[in-house]
Amino acid sequence: MKISLVYTSTTPELIAMVEKEIKVQIPEAKEIMSLEDPSILAEVRESGYVTTKPAARLIGMYAKSAEDGADAILNICSSVGEVADAAQDIARYIGIPIVRIDEEMCKEAVRNGKKIGVMATLETTLEPTKNTLKRVSRELNKHIELVDCLVEGAFGLDQEKFKELMLQYAVTIKDKVDLIVFAQGSMAYCEDTIANECKKKVLSSPYYGVKSLRKALEKKGLI
């Protein structure tokens, strides 16, 4: 069994958390390949949305995964999640599922809360995550209210300072929401800190993304 991890952000925290979840949830995965292209996210941030060239390169990474024998692909970037959505028909046709890291997280959020806080350090990730939450709420026939929390000045901070900044922003929305969603997987190591201090359920994508990846592999009969 071979799985492909497609990254557009290569922060050590994100890679470590995703790989940890795979070891815990999919111990059967003996072969893991990682495809990385940080320029995709860089161009999306510069443009403010997903343009043709970075989308094409991302699709090329899916194709490369398929050519190299992947049984399933995990798309590890919420900013380009809608590209993964657009590629689903091809994925079904060739029998290699493309799993969005944030899809199941968003479903879990909608199931458990009406007022949902969405925390992000990038506006280009905030909007796609909100779009996914809105789509999922329609699919689940449940009305939700979203509260934005764009954490400014987080780039380049070490883990402790990042946690402090995240907490400063989280406390400004904690009384307005039922739960909090992290729009970026790289924020996941702050989950316990925010949950404990704000007394709110906090959802981050690595756990839910890998959970969905396992389900996709089970559906193929590989686990």
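Asp 89 is exposed, at 55% relative accessibility. The scale is this: buried means under 20% relative accessible area, exposed means over 50%, and partly exposed is in between, with a 1.4 Å probe and protein chains only. Arg 92 is exposed too, with a relative accessible area of 59%. Asp 89 and Arg 92 form a salt bridge, and their closest N and O atoms are 2.5 Å apart. By salt bridge I mean a side-chain nitrogen of Lys or Arg within 4 Å of a carboxyl oxygen of Asp or Glu. Both residues sit in helix H5, residues 88–94, and they are 3 residues apart, about one turn of the helix. Helices here are DSSP runs of H or I with at least four residues, strands are runs of E with at least two, and both are numbered from the N terminus.

Before I go on, two notes on the source. This is a predicted model, so local features need pLDDT of at least 70 and side-chain atom pairs count only at pLDDT 80 or more, while totals for chains, interfaces and linings use all residues. Residues are numbered from 1 along each chain as its sequence is written, and side-chain values use heavy atoms, with hydrogens and water left out.

How many salt bridges does a search of the whole structure find? The count is 18. One of them joins the side chains of Lys 64 and Asp 68, at 3.4 Å from N to O. Lys 64 is partly exposed at 42% relative accessibility, and Asp 68 is partly exposed at 30%. There is also a network of salt bridges that links Asp 85, Arg 100, Asp 102, Glu 103, Arg 135 and Glu 139.

Another pair is Arg 214 with Glu 28, whose side chains meet in a salt bridge of 3.0 Å, N to O. Arg 214 lies in helix H10 and Glu 28 in the loop between H1 and strand S2 (31–36), so this pair ties together parts 186 residues apart in sequence. Glu 28 is partly exposed, at 32% relative accessibility.

That brings us to the two helices themselves. Two packed helices are described by the angle between their axes and the distance between the axes. The axes of H1 (residues 12–25) and H10 (residues 205–219) come within 9 Å and cross at roughly 45 degrees. H1 is therefore oblique to H10. Axes are lines fitted to C-alpha atoms, for helices over the stretch in contact, and angles run from 0 to 180 degrees between N-to-C directions. Under 35 degrees is roughly parallel, over 145 roughly antiparallel, 65 to 115 roughly perpendicular, and the rest oblique.

Which residues meet there? From H1 we have Met 17, Val 18, Glu 21, Ile 22 and Gln 25, and from H10 Pro 206, Tyr 207, Val 210, Lys 211 and Arg 214. Contact means heavy atoms within 4.5 Å.

Ser 205 also lies in H10. Is Ser 205 buried or exposed? Ser 205 is buried, at 1% relative accessibility. Leaving aside neighbours within four places in sequence, Ser 205 is in contact with Ile 101, Asp 102, Met 105, Gln 184 and Gly 185.

Last, Met 119, in strand S5 (residues 115–120). Met 119 is buried, with a relative accessible area of 0%. Not counting residues up to four places away in sequence, Met 119 touches several residues, among them Cys 149, Met 166, Phe 182 and Met 187. The C-alpha atoms of Met 119 and Gly 185 are separated by 11 Å, and the two residues are 66 apart along the chain.
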